[in-house]
Amino acid sequence: MSSSSSAASPEKQDLQPMAHVEATEKTPQAFGGQFQPAFYPPPAKERTLGNPLPLGLCAFALGCFLLGLIEMQVRDITTPNILVGLAYGYSGLLQVCSGMWAMAAGNTFGATVMGSYGGFWLSTGIIFTPGGFNIMTTLIQADGGKQGMFYDSFGLFLMGWFIFTTLMMMCTLKSHFAFFSLFFIVDIGVLLLAIGYLIRDAHDIPNPKIIMAGGFFILLSSFMAWYNAIAMMLDPTNSFFTLPVLPFPWSEESKQARRERKEAMGLQA
């Protein structure tokens with residue numbers, strides 16, 4: 001916690017840092033409930049809007065939950081059509097809204113991640129809309145009735161998202177373990193799915209083991225997204241407990257905490 005925040009009211013000091021929706025401190029905590037990977041300038045005036053990022057994280061989590069289960073073929077589900085409605089109505093739409101609200105609040109990182117992954121879910125819904133945009137059908141027809149061209153196209157599509165997620169993950173290296181873990185797990189999951197669709201067997205079938213492994217990591221990322229979302233919202237005003245987010249030892253938050261402990265020990269001496 002920053003030195004300027006130590007003069008805040010007792011009620012504010014008792015709140016879980018991840019639950020704060022105001023960024024009025026001179027040096028806000030990394031992440032600090034705002035989906036920020038590092039310290040960032042405070043707004044010109046105190047914000048009265050709620051924090052839109054838990055909504056976006058929950059929308060992302062549910063999409064990953066369902067996608068992971070489908071890729072793992074739980075209950076023998078092999079057709080991803082159920083994702084279409086979710087991609088349009090929840091994971092896509094609400095993540096884009098969350099990102100735009102984050103942009104209005106001055107959170108460029110949150111807006112970039114949420115807006116981009118909202119677009120990911122919308123584009124995934126478009127790809128798999130039955131009979132709507134004929135993307136899959138057109139690629140299959142262009143490949144002489146085979147699915148290899150579609151698998152290659154979808155694998156490259158996922159590879160692009162792997163690159164994007166890697167770039168976003170690099171922005172979290174000085175934040176919290178919970179925050180970094182979300183991006184790391186998503187990154188591994190998307191990479192495995194891309195490889196599974198690009199590397200196929202002699203019958204042009206995607207590698208089932210790699211696909212299932214990717215589905216497992218995507219499923220795991222859904223729980224990490226929910227964890228980060230609830231960690232943002234829990235505080236003593238609405239819960240009897242809070243969730244740890246484990247700041248990295250080299251993060252500014254940990255350095256500040258060590259400085260404060262040294263100062264306190266000096267005063268006691």
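Mentor: D152, R200 and D204 are joined in a network of salt bridges, a salt bridge being a side-chain nitrogen of Lys or Arg within 4 Å of a carboxyl oxygen of Asp or Glu. This is a predicted model, in which local features need pLDDT of at least 70 and side-chain atom pairs count only at pLDDT 80 or more, while totals for chains, interfaces and linings use all residues. Residues are numbered from 1 along each chain as its sequence is written, and side-chain values use heavy atoms, with hydrogens and water left out.

A search of the whole structure gives 2 salt bridges. In one of them, the side chains of R200 and D152 meet at 2.8 Å, N to O. That pair links distant parts of the chain, 48 residues apart: R200 sits in the loop between α7 (177-198) and α8 (208-233), and D152 in helix α6 (residues 148-170). Helices here are DSSP runs of H or I with at least four residues, numbered from the N terminus. D152 has a relative accessible area of 30% and is partly exposed; that term covers what falls between buried, under 20% relative accessible area, and exposed, over 50%, with a 1.4 Å probe and protein chains only.

R200 also forms a salt bridge with D204, where the side chains meet at 2.6 Å, N to O. D204 is likewise partly exposed, at 26% relative accessibility.

How values were computed:
Helix = DSSP H or I, 4+ residues; strand = E, 2+ residues; numbered from the N terminus.
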